[in-house]
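Here's a walk through how protein chains can hold on to one another, and how a single chain can hold on to itself. Have a look at the picture first, then read on.

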Amino acid sequence: MRLLALLIALCAAPLAAQERLVLGATTTTENSGLLGFILPQFSAETGIRVDVVALGTRQVLAMAANGDLDVVIVHHRPSEDTFMAAGDGDARFDLMFNDFVIIGPSDDPAQVATANTPAQAFARIGAVGAKFVSRGDESGTHLRELSLWQAAGLTPDGRWYSEVGSGMGASLNIAAALSTYILSDRSTWLSFSNRADLTLLYEGGPELRNTYALITVSAARHPHINARAAHLFAQWMTGPAGQAAIANYRLNDETLFCPITPQAGQQQGKTCAAGQN
Amino acid sequence: MSAPILTLRNVSYIVRGARLLGPLNLTLSSTGITCILGPNGAGKSLFLQLAHGMLNPDSGQILWDGAPAAQTRQSRGFVFQSTPVLRRSVRANLAFSLAARLSPRKGRAALVDQALNAARLQSQAQQPAAALSGGERQRLALAQAMVAQPRAILLDEPGASLDPASRRALEDMVRQAADTGTKVIMATHDLAAARRLADDVVVFVNGAVAAQGPAAEFFTAEHPAAVADYMEGRL
Amino acid sequence: MDAMATAFGMLIGFDPTLWSVIGLSLRVSLSAVLIATLIGAPLGAILATRRFVGRQALIVVSGAFMALPPVVVGLAVYLLLSRAGPLGSLGLLFTPSAMIVAQTLLILPIITALTRQAVAPVYRDYSGLFKAHDVAPMMALRITLWDARFGVATALLAGFGRAISEVGAVQIVGGNIAGVTRVMTTTIALETSKGNLELALALGMVLILLALLINLAIIGLGRIGQRFEEARL
């Protein structure tokens, strides 16, 4: 048994003897490129290497509850509250926000563009039975979509509603191919190039605000986690350096995420403006 | 007769309640060629395998030069009617036989060359053994049995599937082997070959010895009915 | 087409990210093949040549486990290596070691079953010969294994193919961490999920090219090996 472990270790080759922080982040955060931009700055300042495991919100929290992650960035308040209440989290910080947008075919059969609230937009889609693609993977985006259906007073069911169990990019691809409505986070939509007939139809309002939280995992519950590095990370991300870095991240000349702490002199993209309603 | 080389005392072999062989009491002389005759199913193959030691009897003793067969297997060679070969060269197959008998590495090459000569397979030494013809394969098998200079070799109808010319070549090898002092015990259906080769003969019928004696007498004497039936092809 | 050009451009231009991803893929899968062979090949050879209680059951099980879905293996290994699990204290999760463990378990049944299948007919042919020459069991096993070596090599190639092409297991236990546990297949899956289908496809072709090269190398080795036909007996 020990020989086997030795053999495995030899084959795997030891990673550099650098302090390691394991961060669980949602796929939207990772895929937007934000972390690839920010984390090197953190590592340069502190010498801590951050390993990012990108999964859906629910999976991230499940793994954190097992003690497999040191710190998480997620975006679904009810799940976060459950996590904290169960004692798995040490401290929770609002980190940044962006917003969701409703995307759909340019001819807009359900007249989403003229709706007054997102819930009304969803109600119109359901009433007309316009085709809708749902991520169906209990990600933060999917869970927000479900709460909007609830606010609209209906349970989406029927051939017009397709749950694809995929990530945001893949789901957008399907929506583009089938010309359907879909709820997307703005950052993925901005970087999505395969749009076909899809266009942004509805945006704005507190119901579409998407707040990201950073939670450090409880060292009391899971003693082996890198608590020191986790706290350093939380302080840095919520402090001036991290918040400025978030604000400075742009894709195609747009700000994708808005730091919780407003940055003076920063060009306010639609993201931050929408969120500050 | 000088001390017998092979002695069977009350040997029986039973499969699923049926007694296929025995009880046998038999001795064989220590030199020369003994031919084992008898119809199919008489127990010739069983007898050879028991005598070699690769099968164990259900009762009785089998002794070679006084020692139990199971203990002295290494000193005997065996040739089947058709022998599998290793998927290697002819030379490698012979070397294998030596290795199996834990023969010292140093002398192996010389012994292999000797065996190749005796089998007249020198020109095919490097070829894959699988490429040999039927007759050549049996010569190889006999060479493999002989290469470690065994005390005795047992052959189970070695020429049965060969053409007459190959059979004669094999016979020559068998006689050569006997001439070097190796005891040869050979089961065969080829009565003509038996006439040519045998020094003494044992006839099996229905799992028991029906006749035994020196060859010269055997082929001229009168036989009990069962043996005569076999010899004349009525069995 | 653009993506194809991009991918191959990265390959030939020695783009460091791509090459480190390729390097990790090879390291993980080749290690898994090595360890699984050390365990599975002797096991397969024993299954082919000896009789013992439970032999039939083992044969059936190893055959059935050849069809284990990689994602299931990954899940099982995650549960084992998670901090909440029995082997959590080893701290292997989200490291290449965990990926090697998962892939080893995944391909062990294949290597065992196919080795058995390569060795059994050879042994069947040889058993009469071994009996007649009274060959010791260890020598019999060695000779059989050497003469069955091409079939066994195929078994190893099959195991490697399964390892290098799977994504479910390494995704879960490795976490697809950039620069640490990201391999070709998880990169392809990631690009697909981001909607970069052409790039994903191009990377897929790079992977196939890699697998092809490795197969050719093994076959080439086999040709050379044919000269050393007679192993030391």
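A salt bridge is a side-chain nitrogen of Lys or Arg within 4 Å of a carboxyl oxygen of Asp or Glu. The idea behind it is simple: side chains of opposite charge can pair when their charged atoms come close. Keep in mind that this is a predicted model.

**Where chain C meets chain B**

One of those bridges pairs C:D125 with B:R87, whose closest N and O atoms are 2.8 Å apart. On the side of chain C that touches chain B, helix 5 and helix 6 of chain C each supply at least two residues. Which of these helices gives the largest share? That's helix 5 of chain C, with 10 residues. Sorted by type, the residues on this side of chain C come out as 12 nonpolar, two polar and seven charged.

How many residues take part in the contact? Chain C brings 21 residues and chain B brings 24. Together the two chains bury about 2,200 Å², and carbon and sulfur atoms account for 54% of that area.

Another pair to look at is B:R73 and C:D134, which form a salt bridge with their closest N and O atoms 3.0 Å apart. B:R73 sits in the loop between strand 5 (67–68) and strand 6 (76–79) of chain B, while C:D134 sits in the loop between helix 5 (96–133) and helix 6 (137–147) of chain C, so this pair joins two chains. Are the two partners buried or exposed? B:R73 has a relative accessible area of 17%, so it's buried, the cut-off being under 20%. C:D134, at 23%, counts as partly exposed.

**Where chain A meets chain C**

Now for the other interface. Chain A puts 27 residues into the contact and chain C puts in 29. The area buried between chain A and chain C is about 2,200 Å², with 63% of it from carbon and sulfur atoms. The rule finds one salt bridge across this interface, and it's the one between A:E30 and C:R182, with the closest N and O atoms 3.4 Å apart. There are also eight residue pairs in polar contact between chain A and chain C. Several elements of chain A give two or more residues to the side that touches chain C, among them helix 1 (2–12), strand 1 (19–26) and helix 8 (168–178). The residues on that side of chain A split into 15 nonpolar, seven polar and five charged.

**Bridges inside a chain**

Over all chains, the structure holds 23 salt bridges. In chain A, the side chains of A:E19 and A:R228 meet in one of 2.7 Å, N to O. This pair links distant parts of the chain: A:E19 is in strand 1 and A:R228 is in helix 10 (residues 227–238), 209 residues apart. A:E19 is partly exposed, at 28% relative accessibility.

In chain B, B:E157 and B:K44 meet in a salt bridge of 3.9 Å, N to O. B:E157 lies in the loop between strand 7 (152–156) and helix 5 (164–179) of chain B and B:K44 in helix 1 (residues 44–52), so the pair ties together parts that are 113 residues apart in sequence. Both partners are covered: B:E157 is buried at 12% relative accessibility, and B:K44 is buried at 4%.

Here are the bridges we've met, side by side:

| Salt bridge | N to O distance |
|---|---|
| A:E19 and A:R228 | 2.7 Å |
| C:D125 and B:R87 | 2.8 Å |
| B:R73 and C:D134 | 3.0 Å |
| A:E30 and C:R182 | 3.4 Å |
| B:E157 and B:K44 | 3.9 Å |

**A covered helix in chain B**

Let's finish with helix 4 (residues 134–146) of chain B. At 1.5 Å a residue, its 13 residues should span 18 Å, and its end C-alpha atoms are 18 Å apart, which agrees. The helix is mostly covered, with 11 of its 13 residues buried. Those buried residues include B:L140, B:L142 and B:M146, and also B:E136 and B:R139. What do they pack against? Their neighbours include strand 6, helix 2 (90–100) and helix 3 (108–119) of chain B, together with helix 5 of chain C.

Methods. Residues numbered from 1 in each chain as written. Chains lettered and ligands numbered in written order. Predicted model: local features only at pLDDT ≥ 70, side-chain atom pairs only at ≥ 80, totals over all residues. Heavy atoms only, no water. Contact = heavy atoms within 4.5 Å. Buried area = accessible area lost by both parts, 1.4 Å probe. Polar contact = N/O pair within 3.5 Å; in protein donor to acceptor, adjacent residues only side chain to side chain. Helix = DSSP H or I, 4+ residues; strand = E, 2+ residues; numbered from the N terminus. Nonpolar A, V, L, I, M, F, W, Y, C, P; charged D, E, K, R; others polar. Buried < 20%, exposed > 50% of the residue type's maximum accessible area, 1.4 Å probe, protein only. Expected span 1.5 Å × (residues − 1).
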